[in-house]
Amino acid sequence: MSRVSLTLAALLSLLPGVSTLAQSAYPDASTSPLSIANERARSYPGSALTVRQTLTSGSNYRRWVVSYQSDGLRINALLTVPDGTPPAGGWPAIVFNHGYIPPEQYRTAERYVAYQDAFARAGFVTLKSDYRGHGSSQGEALGGYYDPGYTADVLNAAASLRKDSRVNPGRLGM
């Protein structure tokens, strides 16, 4: 049995039109701002979730547009919280990372709502964060590739959700 190992640059070379850019920008994948080592070296403090807008409730959960801080920017997110008394330790929670949606088409409280609805009905808090420059979140949308800002935004979303007293910080997934 042989072992296969791909560097980030080799993996990106499989995508049409990306290999030249990736290899010229970061010939050694470990120097990329998106390398695991660089991302681990950063701090993701998050902040308290601030309610910006109360939305229509679901069948057994409530919904809000909230915001949190990421790299000094206000990032908005759609928060769902089950009704009732949280279990001991708090509700389990999911940071729901959406796929790439062009910034001019993205709306915080649209798309993926059925998924968040299902998770909330099953007893999970969910937080679907915008990416910087999407919806009414601050910052510039630099695209889905090569921008460590989106990574910082979702890791700060996780840190912010862990601070919420309704959430069990030990039962948080992404």
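Biologist: Which residue's side chain is joined to that of Asn-76 by a polar contact of 2.7 Å?

Modeller: This is a predicted model: local features need pLDDT of at least 70, side-chain atom pairs count only at pLDDT 80 or more, and totals for chains, interfaces and linings use all residues. Residues are numbered from 1 along each chain as its sequence is written, and side-chain values use heavy atoms, with hydrogens and water left out. A polar contact is a pair of N or O atoms within 3.5 Å; within protein, one must be able to donate a hydrogen and the other to accept it, and residues adjacent in sequence count only if both atoms are side-chain atoms. At 2.7 Å, the partner of Asn-76 is Ser-136.

Biologist: In which strand is Asn-76 found?

Modeller: Strands (E, at least two residues) and helices (H or I, at least four) are DSSP runs, numbered from the N terminus. Asn-76 is found in strand E3.

Biologist: Is Asn-76 buried or exposed?

Modeller: Buried means under 20% relative accessible area, exposed over 50%, and partly exposed in between (1.4 Å probe, protein chains only). Contact means heavy atoms within 4.5 Å, and Asn-76 touches residues including Arg-52, Val-65, Thr-108 and Ser-129, not counting those up to four places away in sequence. Its relative accessible area is 3%, so Asn-76 is buried.

Biologist: How many helices and strands does the chain have?

Modeller: From the N terminus on, the elements run α-α-α-β-β-β-β-α-β-α-β. That order holds 5 helices and 6 strands.

Biologist: What percentage of the 174 residues count as buried?

Modeller: Areas come from the Shrake-Rupley method with a 1.4 Å probe; for residues, only the protein chains shown count as cover. The chain's accessible surface is about 9,400 Å², with 55% belonging to carbon and sulfur atoms. Of the 174 residues, the buried share is 41%.

Biologist: How many salt bridges does a search of the whole structure find?

Modeller: In a salt bridge, a side-chain nitrogen of Lys or Arg lies within 4 Å of a carboxyl oxygen of Asp or Glu. The search finds 6.

Biologist: Which residue meets Arg-42 in a salt bridge?

Modeller: The N to O distance is 2.6 Å, and the partner is Asp-71. The pair links distant parts of the chain, 29 residues apart: Arg-42 in the loop between helix H3 and strand E1, and, in the loop between E2 and E3, Asp-71.

Biologist: Is Arg-132 buried or partly exposed?

Modeller: Asp-71, at 41% relative accessibility, counts as partly exposed. Arg-132 stands at 10%, so Arg-132 counts as buried.

Biologist: How far apart are the end C-alpha atoms of helix H5?

Modeller: The expected span of a helix is 1.5 Å times one less than its number of residues. H5 has 16 residues (148-163), so it should span 22 Å; the distance in the model agrees, at 23 Å.

Biologist: Which strands are included in what covers the buried residues of H5?

Modeller: The buried residues of H5 include Gly-149, Tyr-150, Asp-153 and Leu-161. Their cover includes strands E2, E3, E4, E5 and E6.
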